[in-house]
Every structure is written in C-alpha cells, then in structure tokens.
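Student: Can you walk me through this model? I have the sequence and the structure open.

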Amino acid sequence: MRSSDDSPRLTLDELKTRLDDIFYLDISTGRSYDGLIDALALLPGWKQDFALHWGKVAARTDIEVGYLVIELAPQALRAMVPGDAERWVIAALDAYDSKGVRAAVASLRDIEGRAHAVPRLRLQSIEARLTHFVHGLSGRPLTIAAAEGGGAWTDTETLYLPASLEGADAMDRYRALAALLWAQARFGSFTPGLEAALAANGDPERAAAWFALLEALRLSAVLGRELPGLRQALAESLAGMPRELDAARAALAHPGAAAAESLAWLPRLMALAPPVDAPLAPVRAGLALQVRADRIVQDKRVLRRTVAGLMAALGKSGSGETSSELALDAASGELTIDGEVVMLPPDAHAAAQSLVRDLGAIPPECLTPAGPGAWTPTENDGQGPIAPEGSADFVYDEWDYRRRAYRRRWCHLYERVLPPGDPGYVDEVRRSYASAIRQVRRRFEALRGEERILKRQPDGEEIDLDALVAAIADCRSGSDPDDRVFSRRQRADRSLAATFLVDMSGSTKGWVNDAEREALVMLCEALEALGDAFSIWGFSGWTRTRCELYRIKDFGERYDADIERRIAAVEAKDYTRMGPPLRHLTRVLLRQPARHRLLVTLSDGRPDDFGDEYRGQYGVEDTRQALVEARRAGVRSYCVTIDRHGADYLKRMYGPAGYTVLADVRKLPLRIADIYRKLTA
C-alpha cells in the first residue's frame, strides 16, 4: 500500500466504523476498541490508512494478529519506511503459517530487530541542510546546535535540537522541531513579562515545561495555516502529546490565539507532572528574553547609525525646525528622506528586517537619529565625531582601493591607557573557569618544555640509530662512512612576540564583550605559564579623525593587578576602523627582539565606521592592505571572529587559512587559548 501525504485524518466515529468492519466476526471476545482508537487518533491520515488496511489483511488470517498489527503500526511506522513496515506485517503472517499465532506475535513485537537497517540520524550530519531550512523560514541566520540532555529549545538565536533521532521519519521530525522553535520567537511565545507569568504559577520549572507544550499546540496550528507543507511532519512530531492537553488543543488552534491563551491554561495543568519524554524541553524564558532584547538593541543601533550617515551624506537634518521626513520600507530596504530614495546597505537592511520580525514594525526612534535611544555610540549619540583634545599621537596613511593609492596622513590615532575597572572581576572569571584554566596551563607548560632532537651530530649523548645503520652499510659496501652518528636534545627556543587586538566597537556590547574579557583572562593565564612575550590592545574610534587604541598590557608590563583591572574595564565604545590600529601595532611588534611575530585580532564583525564611505568594500580593502603591509614586514596575522558571515570578507582580508569563525560567542574563552597554541606550536 502506498502512503499518501494528503489523506484526510479519520474522525473518532470514522475510526470506530472502520474497526467494526474489520472485527465484526469477533463477537466472542468483547474487546474494546478504545486502545486502538487512542493509538490511531492523532496519526496523519495515510498512517491511519496503513494501519487499518494491514490490520484488516491480518485479521482475515487471525483476529489477534490483526488487532496487534493495528496496535503496533504507529511504532512500526516511526521506525521504518512504509515498504519495510509492509514487509514487517507479511513476515508475521508467514510466521503464523509456519509456526502458529505465538510466532506471529513474537515477529510483530520485534520491531527493533526488523528496523535494524534504519540508521539513527545524527544532527551533525544534517546540520548544514537544517541551517538553510531555518534561514529560509526566518530570513536571518539561526544557529543549529545539539541540546544537552535531550529535548528541544531555543534562545531565539540558536535552535537546540536532540543530538540524534531514530526512525525513518527522523529528518521530517527534525524539520518540525526546528520550525516549532523558530515559531516561538516569530509568533510571540517570548513576550515581555513571560518569566514573571511563569513564576506566578508557583513552580516556574513545571510551568515552563507545560507552557512549551501548550505553545507547541498553538504554533503547530499557526504553522499549519502559514506553511501547509509542514502540517504532516508537525502532526507526527506531536503525536505523543499528553492527553491532558486535548481540551486545550481546539482553543489554541483558533486563528486569533496568542501566548496569553497558553498562559491562561497553565493553572489547570500545574497539579500534573509534565511528561519526561516531551518533544520540546521547558522554555528558557529569561535567557530567550535577554537574547532577544540584546538583538533588538544591536539592530536598533545599526539602523540608527546608518540612517544618520545617509542623512549626513545627503546634507539633511534630523532635529530641530528643519527636521527631515523619513520613511523606511524594511522589505525592500528603501529609505525615503524628504522624497529622495536611497538604499540601505546590507547590514542595515538585515537589521531593519530583524526588527520587524521581533517587534512587528520599525521603532520610531530608529528614524530619529538625534533623539534618545539605547546602544548608540558613546559621547554624543549619533551627532558625529567629537574632536579629541590635543594633536594625534600618530598619523597613518589609508589605502583607497578606488584610487589604487594611499591617502597620505589621513587617519589620526590616539593611544590611551585603559582606565582600571572592577578589581574583583578577574578572580571571578578564574573561579568560573578554574578547571579549564588548569587544563590550559598544563598544556602550555608542556609546550614550554618541548625539546627537539638533532640527528646526525658529530657528538652527543645518544646514538642516532638511523645514521649508525647507514654508516655500517657504507662500510660494508666499501664507501667512506659518515662519522655523524650521534643525536642530542636541544630545548626549543620559541623566540615569539604576540599582540592581541580586541574589538571594542559598540556592536560588542553584551555577551560579545563579556566573552572577550573572559577570553583575555584565559589567554593571560595560559601565556604566563608559557612565557611568551605578549601585549593586549583594544581599539575603537569615530571616523578617521579619532582612531583610538587602548593599551591593556604592553610587552614590558607584568600581568599583575593593574592589568587585571584594565581587562575588567574593556567595554563597547564606538566604531571599527581597523586599518590604523593594525598599522600601528605592526610597528610595535617589529620593535620586539623576536624571530617570530604574531598579531591576533578578536572581532565580532567587518570593518566599519561612521558614515557610509568606510563601510563595505572600502574598509575591507584598507584592512587587507594593512595586513599585506604587516606580512611583508614579517608579522603574521590571524583573526578570530563570531560573525557567522565572516567567511564572506575574512578570506579576502586574511587569506583562506588566516581566520577562525566561532558560531557561538560563548565558546570564545574556551577556544582562544587552544587557537593560540595551534598557531604557535
């Protein structure tokens, strides 16, 4: 029997009628069909048809076998493709013919044995396909990751899914779970006040678990209307939902249902324990709301500064009596300023679309650059650069790819010492990462003590067996033997100076900045064990007239309490003009008495600055030229970024093997020391 994706689902009455038709001769057992109806009721129509068809075929041979076929068909269809499930029934009927009813029952119950050829589908093997799938759903990149402890949940930027699923329909179930998690963020599960609403039910953890299941019912109905092609996969994924939710199903499937309806149903369920094998894990309300809020703030900042730059380029005003009229079409990226249409650059267009998805509309403050707003660059809220007091400490050329020449003495660089921050911050990080720090220090201490063996030496403490064998062979062949048959050990001289350049632009505010500071602590602890000379600098700024480089640790400084307080003070500031700090630190590295010099940049995105000239290809080409200058001078450069789109431009700037993209910013502290070890081994 062929499966049909569009077979209508049978009602309870229709199921009873079909079962009556199959078992009408069995008038002696008095058996109820309730168990079979429960097993079939939530299945898609084609699976119901499969179970009833083959149950009827089997019942013609034996009523008990037919009953068991229908009862076990849902389990068999989860573990096998339809063709294998048909062979499962036929094998049981063959067993009945040869050995009787007990053999047939045993054959039917051995579903796992029959399905042994169906592999377990691992998330890792389909991660790329699922990533494209959810990107198509959301319109913005979402990360796919394996959930620890099973279940599925999201923080609105990462979808955490089971590491593996069993069964022939595993891929469909992965798609359904990913769609449900995306829908939590898209269709309002994480509304302001959610955390307090869950806590108001007495047991926040239990409330979060029931809320996730209630939302799964609501969102599956929404997705069924919006994306009919997912309807079958969603029905299969939710087929095992607890019966306590049956009463809520119809109410939450109503087109106007919102998360408030799911919250209203919670008090009726709180006395019951949620199922441990639920398809969705409890929602992490606090985490999801924080991630969403951080994303909204970042998107607002990107859009506001872009609007300010475009208005400045057109000579328009954003405040006062001459305030311009602005309108933005987020779908097309068209910004209308006093009737003049300009196109948003890709990053601002993406930010506008993201704000619409999160908030339903572009916030008014994003189109009023002079007004107050969260996460604007420091000091003057989008009005343009404030000239620093005094003359610049250094002036650098900048590469203009359009001219194919440098703009001479173009960028003004100010070198500053980062003021001290929280004195207890580093101790707190040490406690949080105590185990990882101990492990990293042991690895680096071993690296420090590495020795290399010099072979074919005229003298030494050990015999070089390869050289000795070659010398004996030469003697026996009549040739003059080589007398260099010894080996000796020589401690490796690393002779390395490394500089770490930390992005302190406004876009690093929040988790990125926290991860950068934690990564610096991890690095300092590791490099102290290794003994390499190293320095740490942060950079930010505002246009070419104010490029700022913040000294956190210089080569001549010890890693002490003062350095720890400077690390604690690393914070998000303004923009990301990368050329001047790279050129300056190349000079600093060249003054170090080392054979090898390494410049590592920690960043969250592409080069950027106020206005629209540096943004885009101009900034990428200038940064690339600064890195080419460093390489020609003998400085090796490397970049660690958490920008998922980094491969689009980092290959141009650093080369195909000169960067690492971390999909999860929270992995930065644990990965940075390992990356450095591999770069310098």
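Predicted model: local features only at pLDDT ≥ 70, side-chain atom pairs only at ≥ 80, totals over all residues.

Student: How many helices and strands does the chain have?

Tutor: The chain has 25 helices and 19 strands. Both are DSSP runs numbered from the N terminus: helices are H or I with at least four residues, strands are E with at least two.

Student: And how much of the chain is buried?

Tutor: Buried residues make up 51% of the 681 residues. Buried means under 20% relative accessible area, exposed means over 50%, and partly exposed is in between (1.4 Å probe, protein chains only).

Student: What share of contacts joins residues at least 24 apart?

Tutor: It is 71%, counted among contacts between residues at least 6 apart in sequence. Contact means heavy atoms within 4.5 Å.

Student: On to packing. At what angle do α8 and α9 pack?

Tutor: About 45°, with the axes of α8 (residues 123-138) and α9 (residues 170-186) 10 Å apart. That makes α8 oblique to α9. The axes are lines fitted to C-alpha atoms, for helices over the stretch in contact, and angles run from 0 to 180 degrees between N-to-C directions. Under 35 degrees counts as roughly parallel, over 145 as roughly antiparallel, 65 to 115 as roughly perpendicular, and the rest as oblique.

Student: Which residues make that contact?

Tutor: From α8, they include Leu 123, Ile 126, Phe 133 and Leu 137. From α9, they include Met 171, Tyr 174, Ala 178 and Trp 182. By class, the contact of α8 with α9 has eleven nonpolar, one polar and two charged residues. Ala, Val, Leu, Ile, Met, Phe, Trp, Tyr, Cys and Pro count as nonpolar, Asp, Glu, Lys and Arg as charged, and the others, Gly among them, as polar.

Student: What about α1 and α4: what angle there?

Tutor: About 155°, with the axes of α1 and α4 (residues 63-79) 11 Å apart. That makes α1 roughly antiparallel to α4. Leu 19, Ile 22 and Phe 23 in α1 meet Ile 63, Gly 66, Tyr 67 and Ile 70 in α4. The contact of α1 with α4 has six nonpolar residues, one polar and no charged.

Student: New topic. How many salt bridges are there?

Tutor: The structure holds 28. A salt bridge is a side-chain nitrogen of Lys or Arg within 4 Å of a carboxyl oxygen of Asp or Glu.

Student: Which residue does Asp 21 pair with?

Tutor: Lys 56, with the closest N and O atoms 3.1 Å apart. The pair links distant parts of the chain: Asp 21 is in α1 (residues 12-23) and Lys 56 in α3 (residues 45-59), 35 residues apart. Asp 21 is partly exposed at 40% relative accessibility. Lys 56 is partly exposed too, at 31%.

Student: And what does Arg 430 pair with?

Tutor: Arg 430 forms a salt bridge with Glu 564, the closest N and O atoms being 2.5 Å apart. Arg 430 lies in α17 (residues 425-432) and Glu 564 in α21 (residues 561-568), so the pair ties together parts 134 residues apart in sequence. Arg 430 is partly exposed at 24%, while Glu 564 is buried at 13%.

Student: Which residues do shared partners join into one network?

Tutor: Arg 416, Arg 546, Glu 548 and Asp 574.

Student: Is Asp 400 buried or exposed?

Tutor: Asp 400 is buried, with a relative accessible area of 2%. Its side chain meets Arg 402 in a salt bridge (3.2 Å, N to O). Arg 402 is partly exposed at 48%.

Student: Now Lys 47. What does it touch?

Tutor: Leu 77, Asp 169 and Glu 236, not counting residues up to four places away in sequence. Lys 47 sits in α3 and is buried, at 4% relative accessible area.

Student: Last one. Where is Thr 543?

Tutor: Thr 543 is in the loop between β15 (533-541) and β16 (547-553). Thr 543 has a positive phi of about 65° although it is not a glycine. Most residues other than glycine have a negative phi. Thr 543 is buried, at 15%.

Notes. Residues numbered from 1 in each chain as written. Heavy atoms only, no water.
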